[in-house]
Amino acid sequence: MSLEERELEVLIGPQHPASGHMRLVAKIDGDIVVELRPNIGYVHRSVEKLAEVKKYLQIIPLVERPSLADTTANNLAYVMAVEKLLGIEPPPRAQYLRTLLAEINRIHSHFYGMGIHGVMIGSSTAYMWCFGDREPLIELAQELTGARLTYSYIVPGGVRRDLPQGFEDKVERVMRYLENRMPDYFDIYFNNPVTRARLEGVGVLTKEDAIKLGVTGPNLRASGVPYDVRKAEPYAAYPELDFDVITEEAGDAFARVMVRVREIQESIKIIRQVLKNIPDGPILDEKYMKMIPPNLRKQVEETGHIKFPGVFANLRVPAGEAVARVEGGRGEVVFHIISDGKMSPYRMRMVTPSFRNVILFEHLTKGARVADIPAIYGSLDYFPPEADR
Amino acid sequence: MQDLLSVIMEPYVFVPLIFPGITVAFLLLLVIIWLERKIAAKVQLRYGPLYVLKPLGGAIQMVADLLRYLFQEPIIPKTVDKLAFIMTPALLFGAAYLPTIAIPVSPTFYAFRNDLSLLIVLALSTLAPIFTVVMGWASNNKFSLIGGVREGYIVVSYEIPMFLSALSMAVLYGSLDLVEIAEAQKGIWGIFLNPVAAITMLVLMYMSTSKFPFEIPEAESEIVAGAYTEYSGILYGLVMGASYVKLYVLSLVFAILFLGGWNPIPGFMANDPLLPGVLLFIKAFIIIVIGAFLRAVYPRFRIDQAMDLGWKTMLPLSIISIFISLVEIMIMGGA
Amino acid sequence: MKFEELKSQIEERMKDLGAEISGKEPNVVDVKVSREKIVEAAKRLKEMGFDHVKAVTAIDYPNERFEVVYVSSSYSNLELAYFIVNLRTELPYDDPKMPSLLEVWPSVLYQEHEEHDLMGIVFEGHPRMGERLLLPESYEGIPPLRKEFKVKTEGINA
């Protein structure tokens, strides 16, 4: 390096404590970032290509895997796209159960993001607390679905399992715990002067840029755009529920965190409504319910656990095209499925929120300081496997 | 045996080798790192180190860690400046430990007494950061380089105000001799006479030893481990220990300057080094524990914010503390 | 806004571009234009308020054609946010080139890059053509999302 050369190229990742499975190629001048290019693809697993050789039901676990902390959104969006092609509408109870799981998942996905963000700016306490408080929610989801993270709970026509016995009480206990816990977070982390100094005014995304760059999720809403798929194109049980779209005006890293915090409170509200209003009835579309052999159907009615009808294994989806979108914890998941009537999709396009937010790395870090790179990275709740798919 | 013991009890042997020298410093290292992890774990609702000697809550975890460091291969990358790379950890640790020789244990027990012992301690304590900067250069790694430069920036931001606030106490007591300074606090402790100086010094001590929220030169999520990125094995063990030893030394100085040193001590015990030494150590230990606790509370500042704090807040405060000392001297009618 | 209303509005705006408009109830409008006209069509959609692209899907019909679909919607106009407009164009199989819509919609930066990387479509005017995004730098051969690239499967269904 010659002495005249002012810029230093720093390769952050893929072997770096805070890079995740990606590489950030940063050109820095002193402590100022001149240019930063994310280099993604380290955990690309070709979901779109694999979907073309897998059957429709096999794709459910496939699309869940990339976004480990936010699986329900992918699961739901994919199934909604398939249902649009099949032309079926799941029964109301299934819709409510989907909403319930989606909101539980949203809360623990937000905790995951906030925890990682905390440790990226040096607060190990925020990290440990968030990951600890994620646990009760994961256990709730486990009781409902049988899995901790990759639920595969939502299937075409409904859901796999009915509410377990006494689930409402457990949920209420967890919700009350979370409500009591949130003030602690404000005391030690959100209102910590150092946290404020590190996050306020850092990585400011203006409303115009947020719209122009097509970013999504809390990152969009933190810039004052009140777009939420749950309101824009309501799905599942959301049309019948009362909740607000959370926005912040500042557009900085702190606003993005605050949107997540307030969305947790909003999700608690939604979960309570879901459990109060949940209608009785079947949890799988009648058409498929009929296809379950009678003796198994009796078992299904007793246990509330769906035994898949044989038709599911070789589910054929009519030719056509469908776009489905779902508001996950990290943002909007879009599935665009083109079917030719065979047992696998002809083409499946899966666009995850992280893939749409990756553009922000370039945009927000210009002129920031080196220490701001992790502060901005964490505030985006960016998850490399989800972006790479 | 008797002879050996009497040789050890000689102040000029005891001070550098036992207390406050290498033995206690080393034991403290083993305890404080465990304690720091335990405190953080308590706040974070988890156990922390537990399985090494479970009845005592994993108290000898650090012994196990030390053994691991000892037997781990210290990897020396091909591209480093070998001599500087290998030498600096030892020099860093040595430089951090060196000031202990000038610290008195009781009014009559010290390795040497000098009119300028406060200055000697402070001057020696400034040696260590140089080696961190050298390390950053010798490692031939961009993260190490950034870490070394950050250390350099931090040093210039904390050193002046820290020395000013320490010297404001010297002004107040009218002496640079640590023994005299401690003896002058038989009545009121320095922290009550000049709280501004105490707070400034305390904050800057944590800044100088890379404690949270000033853990900037080795910020993990930004620059991996700063200047220490390429170090492994016992070489890393040394550099990690050095900052704790430095904090230990500065805490002893803080205890003498602001917390009355070995006071209050009954007159008849004053000549026996045991009780004064224990008192001094306990005071210093409390300061270190507070530093360990901060890890669980604060995220880390950005370098420019820490420098702002050093130059724009701490420097004026330290100057104010000198004025406070001067005013108090005037009121009390001379030292 | 009603679906039919939006459809006729788009029809009116796109008339001179020779666009084929079709729709799927309740909220999806398909706009098909030739690749020469796609930039102009995108501009007009953006003027209407369709300000971002949610997905860029390239579809391979072997030895026949490629189809590129821009799934766009609105953030700034919440009334339009309910609707999705698929702006689509067809490319000949032996010449999969089209102008990039980056100028109109900056949000396609990574999406077009990905379709270039995995499907081998060339978006003219896109600054990162020829670079890899998800594939390793050293990758050579058929773009993996094309149908002629066969996935080796294992297990009982192989």
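I started with strand S7 (residues 332-339) of chain A, which pairs with S8(A) in the antiparallel sense over five bridges. Strands pair here if DSSP finds at least two bridges between them. Strands (E, at least two residues) and helices (H or I, at least four) are DSSP runs, numbered from the N terminus. I looked up one bridge: A:His336 has A:Arg349 of S8(A) as its partner.

The model is predicted: local features need pLDDT of at least 70, side-chain atom pairs count only at pLDDT 80 or more, and totals for chains, interfaces and linings use all residues. Residues are numbered from 1 along each chain as its sequence is written, and chains are lettered from A and ligands numbered from 1 in the order in which they are written.

Next, the whole sheet. I found an open sheet of three strands, ordered S6-S7-S8 in chain A, with antiparallel pairing. Its edge strands are S6 (320-327) and S8 (347-351), each pairing on one side only. Neighbouring strands are turned by 10° against each other on average, direction ignored. Axes are lines fitted to C-alpha atoms, for helices over the stretch in contact, and angles run from 0 to 180 degrees between N-to-C directions.

Helix H3 (residues 71-86) of chain A packs on this sheet and touches S6 and S7. Its direction makes about 150° with that of S6(A). Contact means C-beta atoms, placed from the backbone, within 7 Å.

I then checked a helix pair. H5 (residues 124-145) and H6 (residues 167-190) of chain A pack at about 170°, with axes 11 Å apart. H5(A) is therefore roughly antiparallel to H6(A) (angles over 145 degrees count as such). Among the contact residues are A:Trp129 and A:Leu137 of H5(A), and A:Val174 and A:Tyr185 of H6(A). By class I noted 14 nonpolar, one polar and four charged residues. Ala, Val, Leu, Ile, Met, Phe, Trp, Tyr, Cys and Pro count as nonpolar, Asp, Glu, Lys and Arg as charged, and the others, Gly among them, as polar.

On to the interface: 27 residues of chain C are in contact with 30 residues of chain A. On the chain C side, S3 (52-61) and helix H3 (109-119) each supply at least two residues. S3(C) gives the largest share, six residues. That side has 19 nonpolar, six polar and two charged residues.

Last, I looked up B:Phe254. Not counting residues up to four places away in sequence, B:Phe254 touches B:Met201, B:Leu202, B:Met205, B:Leu259 and B:Ile287.

Methods
Two residues are in contact if their C-beta atoms, placed from the backbone, lie within 7 Å. Angles under 35 degrees count as roughly parallel, over 145 as roughly antiparallel, 65 to 115 as roughly perpendicular and the rest as oblique.
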